[in-house]
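Please look over the sequence and the structure shown here before reading on.

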Amino acid sequence: MFIVTRDESKCDACGECVESCPAGILVMEDGKVKITDETACEGCETCISVCPTGAITIEER
Ligand code: SF4
Ligand code: SF4
C-alpha cells in the first residue's frame with residue numbers, strides 16, 4: 001500500500017498534481033490541494049515528478 005502526503009508549507013497550490021493523478025485522489029478545494037483518500041494512491045509517483053516544490057511524499061507500507 002502507498003500513502004501519499006503533502007507538505008502544506010511547501011505547496012504553492014499550482015494544481016499540477018491534481019491534473020496528473022491517475023487515481024483522481026488529489027482535488028483542489030478552496031484553493032488548496034486535498035487528498036481525498038491517501039490509501040488509494042497507486043504509487044505511480046507522477047505527482048512527485050510534476051510538483052515543482054517537492055511538497056509530495058509517497059510512503060510504501
Ligand atoms: S503517486 Fe500517482 S496515484 Fe499516488 S497520489 Fe501521486 S499521482 Fe496519484
Ligand atoms: S504539484 Fe506540488 S505545489 Fe503544485 S499543487 Fe500539487 S503539491 Fe502543491
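In sorting residues by class, Ala, Val, Leu, Ile, Met, Phe, Trp, Tyr, Cys and Pro count as nonpolar, Asp, Glu, Lys and Arg count as charged, and the others, Gly among them, count as polar. With these classes, the shell around ligand 2 divides into 9 nonpolar, 2 polar and 3 charged residues. Everything described here belongs to a predicted model.

## The chain as a whole

Taken along the principal axes, the box filled by the C-alpha atoms of the protein chain is roughly 30 × 20 × 15 Å. A compact globule of 61 residues would have a radius of gyration near 10 Å, and the protein chain, which has 10 Å, agrees with that expectation. Of the 61 residues in the protein chain, buried residues make up 26%.

Rolling a probe the size of a water molecule over the atoms shows where empty space is left. How many cavities of 30 Å³ or more are counted in this way? The count comes to 2 cavities, and the table sets them side by side.

| Cavity | Space | Lining residues by class |
|---|---|---|
| Largest cavity | About 100 Å³ | 9 nonpolar, 2 polar and 2 charged |
| Second largest cavity | About 80 Å³ | 9 nonpolar, 2 polar and 3 charged |

The largest cavity holds about 100 Å³ of space. It is lined by 13 residues, of which Cys21, Cys41, Glu42, Cys44 and Cys47 are the closest to its centre. Ligand 1 sits in this largest cavity, and the 13 residues that surround ligand 1 include Cys21, Cys41, Cys44, Glu45 and Cys47 as the closest. By class, the shell around ligand 1 has 9 nonpolar, 2 polar and 2 charged residues.

For the second largest cavity, the lining consists of 14 residues, and those nearest its centre are Cys11, Cys14, Cys17, Cys51 and Thr53. Which ligand takes up the space of the second largest cavity? That space is taken by ligand 2, which has 14 residues around it, with Cys11, Asp12, Cys14, Cys17 and Cys51 coming nearest.

Most residues other than glycine have a negative phi, and most peptide bonds are trans. Against that background, two residues of this chain can be looked at in turn.

Ala13 lies in the loop between β1 (2–6) and α1, and although Ala13 is not a glycine, its phi is positive, at about 60 degrees. Is Ala13 buried or partly exposed? With a relative accessible area of 32%, Ala13 is partly exposed, because this value falls between the limits of 20% and 50%.

Glu45, which was named above among the residues closest to ligand 1, lies in the loop between β3 (32–35) and α2 (46–50). The phi of Glu45 is near 65 degrees, again a positive value in a residue other than glycine. Glu45 has a relative accessibility of 45% and so counts as partly exposed.

## Residues in helices and strands

Glu16 belongs to helix α1, which covers residues 16–20. Its relative accessible area of 42% makes Glu16 partly exposed. Glu16 and Thr39 are 23 residues apart along the chain, and a separation of 20 Å lies between their C-alpha atoms.

Leu26 is found in strand β2, made up of residues 26–29. Is Leu26 buried or exposed? Leu26 is buried, because its relative accessible area is 5% and buried means under 20%. Between the C-alpha atoms of Leu26 and Glu38, which are 12 residues apart along the chain, the separation is 8.7 Å.

Val33 has its place in strand β3, and with a relative accessible area of 6%, Val33 is buried as well. How far apart in space are Val33 and Glu8, C-alpha to C-alpha? The two residues lie 8.7 Å apart in space, while in sequence they are 25 residues apart.

Notes: Residues numbered from 1 in each chain as written. Chains lettered and ligands numbered in written order. Predicted model: local features only at pLDDT ≥ 70, side-chain atom pairs only at ≥ 80, totals over all residues. Heavy atoms only, no water. Near = heavy atom within 4 Å. 1 Å grid on protein atoms, 1.4 Å probe; cavity = no way out; pocket = protein on both sides within 12 Å on 5 of 7 lines; lining within 4 Å. Sits in = over half its atoms within 2 Å of the grid points. Points joined across faces, edges and corners; volume = space filled by probe spheres on them. Rg over C-alpha atoms; globule rule 2.2 N^0.38 Å. Buried < 20%, exposed > 50% of the residue type's maximum accessible area, 1.4 Å probe, protein only. Helix = DSSP H or I, 4+ residues; strand = E, 2+ residues; numbered from the N terminus.
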